[in-house]
Every structure is written in structure tokens, then in C-alpha cells.
Amino acid sequence: MRILRSVRHKVCADGSFMKEFLLDAPVTTGFFSYLRHFGSVEALPGLGEGFYKFEKPEWFSIKGFAGDTTVEVRFRKEVMDLTVDFVYLLFASYREETPDLSVLKLRERAISERVRKHLHGT
């Protein structure tokens, strides 16, 4: 699954930066299960059947409906330049079959170090 382009973006009241991405294929429930390897995923049926939210604290969140070809990604503005490529990599690396997470986990660790230094100076 690939991100084709950003179809909408804005600065949110909480200081985050939102981008709505158009995808080349519909998001699946399997994609949100895959995201559990990188943060927390929550099904929110009260907002509609098949609505999910993924949260990677201090990085970004992804919200969307299974079956849609768009998702909303909210970036922490201070580290967006460090984390946006990882969002693209998450989508591009997703496969329905069991994915090899080793490359993604290495990349995640490297970015985590940079995010922590940027936000906390440690």
C-alpha cells in the first residue's frame, strides 16, 4: 500500500499538524493490526463501524476507516521532519502476509533516538 499524495493539511488547535493522505488501496483491518508492532491501536466503533486509531506517542497518530482510501495522520509538529518518512515507510512496507519487521524496527530505533534528543535533550 502506498501513499499517493496529501489531499488536505492544516495546523490543528493542539499544535499538531494534520495531513489527510490518499492511498493507492483501501486500508484494511489487517493494516491496523500490523501497526500494533509500533504503537497502540484502538477500534472506535462508536465513531463508526471499522474506525481505528493508531497512536505512536510523541511521533504521530493515524485515524481512518477500514475500507477507505484516505487516512488522517496527525504529526507532532516539533518532530514531523524526523517522523514523516517513517509514515511513508509503514504504508509501503505493509503486506497482508506476515511482514518482515526487522528493517522497520531498526529504522524506528534510529528515529526514536533522534526524536528523544530533539524533544527532551537526552
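In the predicted model, three residues separate β4 from β5 in their hairpin, and E58 takes a positive phi near 70° there. The two strands, β4 (residues 51-56) and β5 (residues 60-65), run antiparallel. Six bridges join them. Within this pairing, F51 of β4 stands opposite F65 in β5.

A hairpin is also formed by β5 and β6, with four residues between the strands. Its turn contains G67, whose phi is positive at about 100°. Strand β6 spans residues 70-75 and pairs with β5 in the antiparallel sense. Four bridges connect β5 and β6. Here S61 stands opposite R74 in β6.

The largest nonpolar core has 33 residues. Y34, L35, F60, I62 and F91 have the most contacts inside this core. Strands and helices both contribute: β2 (17-23), β4, β5 and β6 each supply at least two core residues, as do α1 (29-35), α2 (80-93) and α3 (102-120). Helix α2 gives the most, with seven residues.

With neighbours within four places in sequence left aside, Y34 is in contact with L89, L90, S93, Y94, P99, L101 and L104. Of these partners, L89, L90 and S93 fall within the range of α2 (80-93), and L104 falls within that of α3 (102-120).

Methods
Residues numbered from 1 in each chain as written. Predicted model: local features only at pLDDT ≥ 70, side-chain atom pairs only at ≥ 80, totals over all residues. Heavy atoms only, no water. Pairing = 2+ DSSP bridges. Core = buried A, V, L, I, M, F, W, Y, C linked by side-chain atoms within 4.5 Å. Buried < 20%, exposed > 50% of the residue type's maximum accessible area, 1.4 Å probe, protein only. Contact = heavy atoms within 4.5 Å.
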